[in-house]
Amino acid sequence: MIGEQYLLLPGPTPLPEQIIRAMSRSMINHRGPAFHDLLFEVTAGIRSIYKTQGHVLIYPSSGTGVMEAAVANFIAPGDLVLAISIGVFGDRFASIAKAFGAQVEKISVPWGQSADPQVVKERIDQDKSKRIKAVLLSHNETSTGVVNDIAKIAEALGDHPALFIVDTVSGLAAHPFNMDQWRVDVAASGSQKAFMIPPGLGFLAFNDRALKVHKQINNSRFYWDVSTGLDYLQKGQTPTTPAISLFYGLQEALHMMAQEGLDSIIRRHAFYRDLIRAGVQAIGLELLAQGQAASCSVTSVIAPPEVGANKICTAMLQQFNIVLAGGQQNLQDVIFRIGHLGYVRELDLLAILAALEISLHKLGYPVEFGAGVKVAQQRILEHHDKTSG
Ligand SMILES: *Cc1c(COP(=O)(O)O)cnc(C)c1O
């Protein structure tokens with residue numbers, strides 16, 4: 001099939017040509033002045049995207065790596081940890097804490113819904129003796145396409161001393177995230193979602209309150225140890241060999257993001273969410289996430305049961321070279337997921353809707369051709385009028 005593949009997964013996401021080119025440069029000495037400058041520049045860039053005055057360390061790792069770093073550095077074995085899970089990645093955070101010896105109490109929310117701040121508040125209010133040491137939560141739950149209201153959950157935590165630890169791997173730079181203002185103590189993110197670069201970098205952010213806990217607890221750690229990371233950062237270095245090519249890519253991505261502006265980027269993602277949801281509904285399909293819980297990074301579509309999600313994904317791939325994600329675990333073959341974060345254009349979303357209409361038709365599901373595309377076109381027109389673009 002001619003042309004590039006449409007990679008519309010919730011990570012890895014498409015790469016801009018200029019980022020690919022930036023990453024093809026030669027290696028430099030990671031203990032020399034050029035890397036020193038690069039490290040300071042990108043660390044400052046990540047801090048501004050997290051909206052934090054706190055610390056940021058960049059690890060060569062996948063997103064899960066920095067989730068583990070968050071646990072290894074800030075949670076001690078035996079600590080009582082409240083893990084609020086709304087899907088696969090929330091479960092993963094709980095599993096990591098368990099693997100490191102924490103006593104994990106889980107609040108499991110039905111898949112497709114977001115965490116209820118009132119439920120969290122009730123549990124926190126019960127904890128008179130302040131036994132809970134940390135609260136784990138995913139910002140954007142990629143497996144269901146649901147976003148949690150971090151500000152409201154933070155409010156529910158009130159002045160309870162537990163560290164608030166957030167997985168924002170697929171949330172950051174696609175949704176608003178105000179780390180300091182929302183009183184998030186530790187946050188984890190990664191390169192392959194909204195940052196438009198390949199997998200392989202993890203971004204761990206934490207404040208002084210978390211650092212104080214880190215210094216007090218006695219946990220096994222080496223690779224992830226933030227004390228070592230901070231010592232090296234002072235010298236403009238990383239403890240181990242950094243993924244230099246990915247740093248080049250990150251530098252370029254941060255330039256592009258600064259040019260577009262973080263607020264515009266976030267508005268663009270919200271527009272994509274609204275566009276794709278309206279289009280899919282006009283085709284006659286249902287959505288897993290409702291209202292304010294709907295993610296700006298990924299949309300979960302409930303497949304007609306008589307067709308099944310897997311067949312739709314296969315048809316989109318074979319006939320149009322479009323890569324969509326299936327459902328995970330309980331949602332396998334029930335939903336398919338359209339990623340719309342990072343380097344995605346409105347034109348890509350129009351193409352998806354058009355191809356989806358044809359694929360569904362071929363699979364025997366009745367579709368009025370153009371129904372989804374038409375609604376999307378109208379939305380784009382309105383959006384252009386509003387932004388006079
Ligand atoms: C992608 C993702 C991760 C990390 O996954 P890796 O495969 O380890 O990079 C963690 N949490 C969420 C919410 C994600 O979307």
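How many of the 389 residues of the chain count as buried? The share is 57%, where buried means under 20% relative accessible area, exposed means over 50% and partly exposed is in between (1.4 Å probe, protein chains only). This is a predicted model, so local features need pLDDT of at least 70 and side-chain atom pairs count only at pLDDT 80 or more, while totals for chains, interfaces and linings use all residues. Residues are numbered from 1 along each chain as its sequence is written, and side-chain values use heavy atoms, with hydrogens and water left out.

**Overall fold**

- The chain's secondary structure comes to 13 helices and 15 strands; these are DSSP runs numbered from the N terminus (helices are H or I with at least four residues, strands are E with at least two).
- For 389 residues, a compact globule would have a radius of gyration near 21 Å, and the chain agrees because it has 21 Å. That radius is taken over C-alpha atoms, and the globule rule is 2.2 Å times the number of residues to the power 0.38.
- Along its principal axes, the C-alpha trace spans about 65 × 55 × 35 Å.

**Around the ligand**

- The ligand is surrounded by 13 residues, and the closest are Ser 62, Thr 64, Thr 142, Asp 167 and Lys 193. To count as near, a residue needs one of its heavy atoms within 4 Å.
- By class, this shell has 7 polar, 3 nonpolar and 3 charged residues. Here Ala, Val, Leu, Ile, Met, Phe, Trp, Tyr, Cys and Pro count as nonpolar, Asp, Glu, Lys and Arg as charged, and the others, Gly among them, as polar.
- Helix H3 (63-74) and helix H4 (88-99) each supply at least two residues of the shell, and H3 gives the most, with 3 residues.
- Thr 142 puts a polar side-chain atom 2.3 Å from an oxygen atom of the ligand, and Ser 170 has one 3.4 Å from a ligand oxygen atom.
- On its own the ligand has 380 Å² of accessible area, and the protein covers 87% of that (Shrake-Rupley method, 1.4 Å probe; for residues, only the protein chains shown count as cover).

**Salt bridges**

- The structure holds 9 salt bridges, each being a side-chain nitrogen of Lys or Arg within 4 Å of a carboxyl oxygen of Asp or Glu.
- One of them joins the side chains of Asp 125 and Lys 121 at 2.7 Å, N to O. Both residues sit in helix H5 (residues 117-126), 4 residues apart, which is about one turn of the helix. Asp 125 is partly exposed at 37% relative accessibility, and Lys 121 is partly exposed too, at 35%.
- Another pairs the side chains of Asp 185 and Arg 209 at 3.0 Å, N to O. This pair links distant parts of the chain, 24 residues apart: Asp 185 is in the loop between strand E8 (163-167) and strand E9 (186-190), and Arg 209 is in helix H7 (residues 208-216). Asp 185 is buried, with a relative accessible area of 1%, whereas Arg 209 counts as partly exposed at 33%.
- Asp 274 and Arg 273 also meet through their side chains, at 3.0 Å, N to O. With 31% relative accessible area, Asp 274 is partly exposed, while Arg 273 is buried at 18%.

How values were computed: A polar contact is a pair of N or O atoms within 3.5 Å; within protein, one must be able to donate a hydrogen and the other to accept it, and residues adjacent in sequence count only if both atoms are side-chain atoms.
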